Amino acid sequence: MKRPDPQQNGGEAFVNCDGTVAEAPRLKKIQFADQKLEFNKRPTKIGRRSLSRSISQSSTDSYSSAASYTDSSDDETSPRDKQQKNSKGNADFCIKNIKQADFGRREIEIAEQEMPALMALRKRAQGEKPLAGAKIVGCTHITAQTAVLMETLSALGAQCRWAACNIYSTQNEVAAALAEGGFSVFAWKGESEDDFWWCIDRCVNVEGWQPNMILDDGGDLTHWIYKKYPNMFKKIKGIVEESVTGVHRLYQLSKAGKLCVPAMNVNDSVTKQKFDNLYCCRESILDGLKRTTDVMFGGKQVVVCGYGEVGKGCSAALKAMGSIVYVTEIDPICALQACMDGFRLVKLNEVIRQVDIVITCTGNKNVVVREYMDRMKNGCIVCNMGHSNTEIDVASLRTPELTWERVRSQVDHVIWPDGKRIVLLAEGRLLNLSCSTVPTFVLSITATTQALALIELYNAPEGRYKQDVYLLPKKMDGGAATRSGFSLSRQNGVFVFFVL
């Protein structure tokens, strides 16, 4: 039998079962419109940079809910150079983009579902208006949870003006929702240092409006007013401070006899220490590290600097994930607790060459200095879980011999001349709120504590509190720990709390 010619009919022939040769139907060649594109052509420098940027942004967006509406904007114009108004024509704010307000409103509504204590306070006390006449200037992280606090304070009768206490933690869509709701907010994600102080000044220095209460996180707002507008303290009734850094600064002022008004130390309240500092950090440390580095925790050697409540939470979480955790601590009680919890107590210089991750959570400065970073292994991850950005000596890394390489949002490789590199997260600022999110329920307790402290200081009769730093009264501290475990009533013109 003659075999079909493979060249005949373009090779389109085949043999049937009975041995006959059949011709296959001719197939038309399909021409794609983009077939002539040169796919093997190397991209230009601009193309490569754009591709790298788009990959970096998309990966970051997929990791962070806070970045979902924040980093996708191509508008690089500084908010300070924009003229924006909300739907009611109000322009007393400075944010990234007012058009993101709808997205922010949805996030706030979701947060309200996980903040039962604060919502209970709003429901119980909004009829009494215990903050009527209060003019509160605040400097905290501007997130959906903070928005619920601000709207609660407003429902209780207060007027609020707000700035961010961290240049990376602001959720732009939430700031937009607050501005649309009539709040004077001055903050956006990625502020410069100059922007940071400008925003605080815009909150404080406004014609026809002077604050009589301060809600601070870190002490920067208090410091700015003390430095630039000291006469304002004549009308300020009190300060509420929630961070260990800010509390230290208040105690320094008090010791020097320079504290002009009563201050409430919320950071050392039981609810803040045991819930926010411990449980919040226990969950958010893993979230922040995963979103930024995709690191596997099992088998990694980690050193946690500080074994306060934040350090306890971080150490417990990493130990549960299979990490080998070392702890450094100078306080003997906390050091003994670390030993009893099964952690090896070390000095930082004993393990700095071998660890894979270094986490600071002391509230002090220069905990990790250049000497230690010079000795770190290649690829070591360095991050901070304390409020202050001075725990890691980042300034010492900005020298000509070191190269900085931005890998993705909030992740930098610092490269030494020999090729060694360390991974620095959020430029040494607070990891969880800069790079991820925190549990809303825990923040509900802290926010409720802050609101109760503001009410207490604002309504306290003259002479109850002197120019000193006070802890939150126990009945309010315990009341904030329950879902609706307090009531508020007026007796002889003074608001009184009862734990149920």
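Student: What percentage of the residues in the protein is buried?

Tutor: The model before us is a predicted one. A residue counts as buried when its relative accessible area is under 20%. Of the 500 residues in the protein, the buried share is 53%.

Student: How many helices and strands does the protein have?

Tutor: Its accessible surface comes to about 23800 Å², with 51% of that belonging to carbon and sulfur atoms. As for secondary structure, the protein has 16 helices and 19 strands.

Student: In the open sheet of 7 strands, which are the edge strands?

Tutor: The pairing in this sheet is parallel, and the order is β5-β4-β3-β6-β7-β8-β17. An edge strand pairs on one side only, and this holds for β5 (184-186) and β17 (469-471).

Student: Which residue stands opposite Arg161?

Tutor: Strands of a sheet pair through backbone hydrogen bonds, either parallel or antiparallel. Here β4 (residues 159-164) and β5 pair in the parallel sense over 3 bridges. The residue in β5 opposite Arg161 is Ser184.

Student: Which strands does helix α7 touch as it packs on the sheet?

Tutor: Helix α7 comprises residues 220-228, and its direction makes about 135° with that of β6. Another helix, α8 (residues 244-255), lies across β7, β8 (263-265) and β17, at about 145° to β7. The strands touched by α7 are β3 (135-140), β6 (213-216) and β7 (238-241).

Student: Why do the buried residues of α11 line one face of the helix?

Tutor: The buried residues in α11 (residues 332-340) include Cys334, Ala335 and Ala338. Viewed down the axis of α11, the buried residues fall within a limited arc, so they line one face of the helix; that arc is 105°.

Student: Which exposed residues does the face of α11 turned away from its buried side carry?

Tutor: The buried residues of α11 are covered by elements including α10 (309-320), β10 (324-328) and β11 (344-345). An exposed residue has over 50% relative accessible area. On the face turned away from the buried side, the exposed residues are Pro332, Ile333, Leu336 and Met340.

Student: At the start of α11, which residue has a side-chain oxygen that reaches to within 3.1 Å of the backbone nitrogen of Ile333?

Tutor: At the other end, just after α11, Gly342 takes a positive phi of about 95°. At the start of α11, the side-chain oxygen within 3.1 Å of the backbone nitrogen of Ile333 belongs to Asp331.

Student: Is Asp294 buried, partly exposed or exposed?

Tutor: Most residues other than glycine have a negative phi, and most peptide bonds are trans. Asp294, although not a glycine, has a positive phi of about 60°, and its place is in the loop between α9 (270-293) and β9 (301-305). Since its relative accessibility is 39%, Asp294 counts as partly exposed.

Student: Where is Glu427 found?

Tutor: Glu427 is not a glycine either, yet its phi is positive, about 55°. Its position is the loop between β16 (421-425) and α14 (431-435).

Student: Which residues of strand β12 point the other way from Ile357 and Ile359?

Tutor: In a regular strand the side chains alternate between the two faces of the sheet. In β12 (residues 357-360), Ile357 and Ile359 point one way, and all the residues named here are buried, including those pointing the other way: Val358 and Thr360.

Student: Which residue in β13 stands opposite Thr360?

Tutor: Strand β12 runs parallel to β9, joined by 4 bridges, and Val302 stands opposite Ile357. Strand β12 also runs parallel to β13 (residues 381-384), again with 4 bridges. The residue opposite Thr360 is Asn384.

Notes. Residues numbered from 1 in each chain as written. Predicted model: local features only at pLDDT ≥ 70, side-chain atom pairs only at ≥ 80, totals over all residues. Heavy atoms only, no water. Pairing = 2+ DSSP bridges. Helix = DSSP H or I, 4+ residues; strand = E, 2+ residues; numbered from the N terminus. Contact = heavy atoms within 4.5 Å. Axes fitted to C-alpha atoms, helices over the stretch in contact; angles between N-to-C directions. Buried < 20%, exposed > 50% of the residue type's maximum accessible area, 1.4 Å probe, protein only. Areas by Shrake-Rupley, 256 points an atom, 1.4 Å probe, with all protein chains shown as cover. Arc of directions from axis to C-beta. Polar contact = N/O pair within 3.5 Å; in protein donor to acceptor, adjacent residues only side chain to side chain.
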